[in-house]
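Work through the exercises below with the structure open. Try each task before you read its solution.

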Amino acid sequence: MTESAGETRSLVPERRGVICPPPVSAAAMIGSVLAGWALGGVVRRVSVRTGISDEEALGPLPGDDIISHPMVEWTRGITVRTTPPRVWPWLAQMGYGRGGWYTPEWVDLLANRWVFGASRRFPASAGHLLPEYQHVAVGDLICDGPDYASFFRVQRADPQHALVYRSIRHPRRGSPIDITDPASPQRVEQQLREAGTYVDFTWALVLNELPGHRTRLLVRTRANYAPHAFRLLSLPLGLFDATYGVAMLRAIARRAEGPGPEER
């Protein structure tokens, strides 16, 4: 039997249209790539420098000669509305068990528990000057954790201008020393180098006087480390340093800009 034209058409499967996403223009793709590249550049820049000019970022600072070819360098800065002699005493008394580090409480808690494995809180940073801790000299050991779990060596102490520390430590845990044994610090540092897991860094706090009774307060960290795989952490650690480092500088500025002892 011959099928009718209508019946024949009913046997032909219907073709349904395929919905395609709108084409992405080359300009949009290029724009997305450029935006991602620019954002990445901003993040990398913030990780290594905050609050400073190109001249300050690229210029030399006291202590640069100690680690001449660092794997990492971070520089932060802030303008303090007072003179260097008013800022210096707050730097001189820094240290665990001294005036503190003026860092946010969450940083202290993180260091205490994650690095030193201690449950007790860090001593609060001083809100006033401590006459007993105003002397700092080259060769001093400055405590940086409970029972000298970590420490800094003072490399340079130039009153009213620069205070430079150096520390060699394990990145994940404390490296305690026997403070009663003069050979203990060097022995612990040598053990860390031989084990191949350490961070060797300088920390320079610098005061540059400005007109109008103002001061540029700069902090620069220069570091070498082992193993080299730690370079994968340089970006996030730089961002972490930018966060708490600037907070520390602001805390110092607030204290220094307040009334001096003679004005209270």
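**Exercise 1.** Locate aspartate 64, then decide whether it is buried or exposed.

*Solution.* Start with the place: aspartate 64 lies in the loop between α3 (54-58) and β2 (72-80). Helices (H or I, at least four residues) and strands (E, at least two) are DSSP runs, numbered from the N terminus. The model is predicted: local features need pLDDT of at least 70, side-chain atom pairs count only at pLDDT 80 or more, and totals for chains, interfaces and linings use all residues. Residues are numbered from 1 along each chain as its sequence is written, and side-chain values use heavy atoms, leaving out hydrogens and water.

Next, the cover. Aspartate 64 has a relative accessible area of 14%, so it is buried (under 20%; exposed is over 50%, partly exposed in between; 1.4 Å probe, protein chains only).

**Exercise 2.** Find which residues aspartate 64 is in contact with, leaving aside neighbours within four places in sequence.

*Solution.* Contact means heavy atoms within 4.5 Å. The list is Gly59, Arg220 and Arg222.

**Exercise 3.** Find how many bridges join β6 to β7.

*Solution.* Strands pair if DSSP finds at least two bridges between them. Here 13 bridges join β6 to β7 (residues 214-226), and the two run antiparallel. Now look at the hairpin. Three residues lie between the strands, and glycine 212 takes a positive phi near 75°.

**Exercise 4.** Classify valine 46 by its relative accessible area.

*Solution.* Valine 46 sits in helix α2 (residues 26-48). Its value is 34%, so valine 46 is partly exposed.
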